[in-house]
Amino acid sequence: MSKVKIVIGDRLGKGQNIAKGIEAAGGTAIVIPGVGADMKVGDVMVSESADLGLSFCGSGGAGALTAKTKYGFPVEYGLRSVDAGITALRSGKKVIGFGFMDTEELGRRMAEEYIKLGGK
């Protein structure tokens, strides 16, 4: 069985704490480097054959909407809590957009829930 692969794109180039949480849950995290990384989530998901994309910016929407527009991924955006992200994941979203939330808890819980739902 392969590991869940999750792409992280943060407008300010962060995401390292989210990655730690994903890896603690047994997943593989791909942190897109650099400022504006949220806008590349869809591109990296496609190139890496990733299972899930997490996008972070002030509004929580730009990167997720770009992934939807370019690739047709089902998205939820504008989220401000881990629980809202879990709800989006349960409803089948593949790219989830949050405000700035670089926390291990977010990464861990999203990876655990994806695995629990039978994704990997």
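Is phenylalanine 56 buried or exposed, and what is its relative accessibility? In this predicted model, phenylalanine 56 has 0% relative accessibility and therefore counts as buried. Phenylalanine 98 is likewise buried, because its relative accessible area is 0%.

The structure contains 2 aromatic pairs. One of them joins phenylalanine 56 to phenylalanine 98. These two rings are stacked, with 5.4 Å centre to centre and 15° between the planes. The pair links distant parts of the chain. Phenylalanine 56 belongs to strand S3 (residues 52-56), and phenylalanine 98 to strand S5 (residues 95-98). The two residues are 42 residues apart.

Tyrosine 71 and phenylalanine 73 also form an aromatic pair. This pair is tilted: the planes stand at 50°, and the distance is 6.0 Å centre to centre. Tyrosine 71 is partly exposed, at 36% relative accessibility. Phenylalanine 73, at 17%, falls under the 20% cut-off and so counts as buried.

Helix packing was examined next. Helix H1 (residues 16-24) packs with helix H5 (residues 104-116). The angle is about 35°, and the axes lie 6 Å apart. The crossing of H1 past H5 is right-handed. On the H1 side, the contact involves Asn17, Ile18, Lys20, Gly21 and Ile22. On the H5 side, Glu104, Leu106, Gly107, Arg108 and Ala111 take part. By residue class, this contact of H1 with H5 comprises 4 nonpolar, 3 polar and 3 charged residues.

Definitions and conventions: Residues numbered from 1 in each chain as written. Predicted model: local features only at pLDDT ≥ 70, side-chain atom pairs only at ≥ 80, totals over all residues. Heavy atoms only, no water. Phe/Tyr/Trp six-rings, centres within 6.5 Å; stacked < 30°, edge-to-face > 60°. Helix = DSSP H or I, 4+ residues; strand = E, 2+ residues; numbered from the N terminus. Buried < 20%, exposed > 50% of the residue type's maximum accessible area, 1.4 Å probe, protein only. Axes fitted to C-alpha atoms, helices over the stretch in contact; angles between N-to-C directions. Left-handed = near helix turned anticlockwise from the far one by under 90°. Contact = heavy atoms within 4.5 Å. Nonpolar A, V, L, I, M, F, W, Y, C, P; charged D, E, K, R; others polar.
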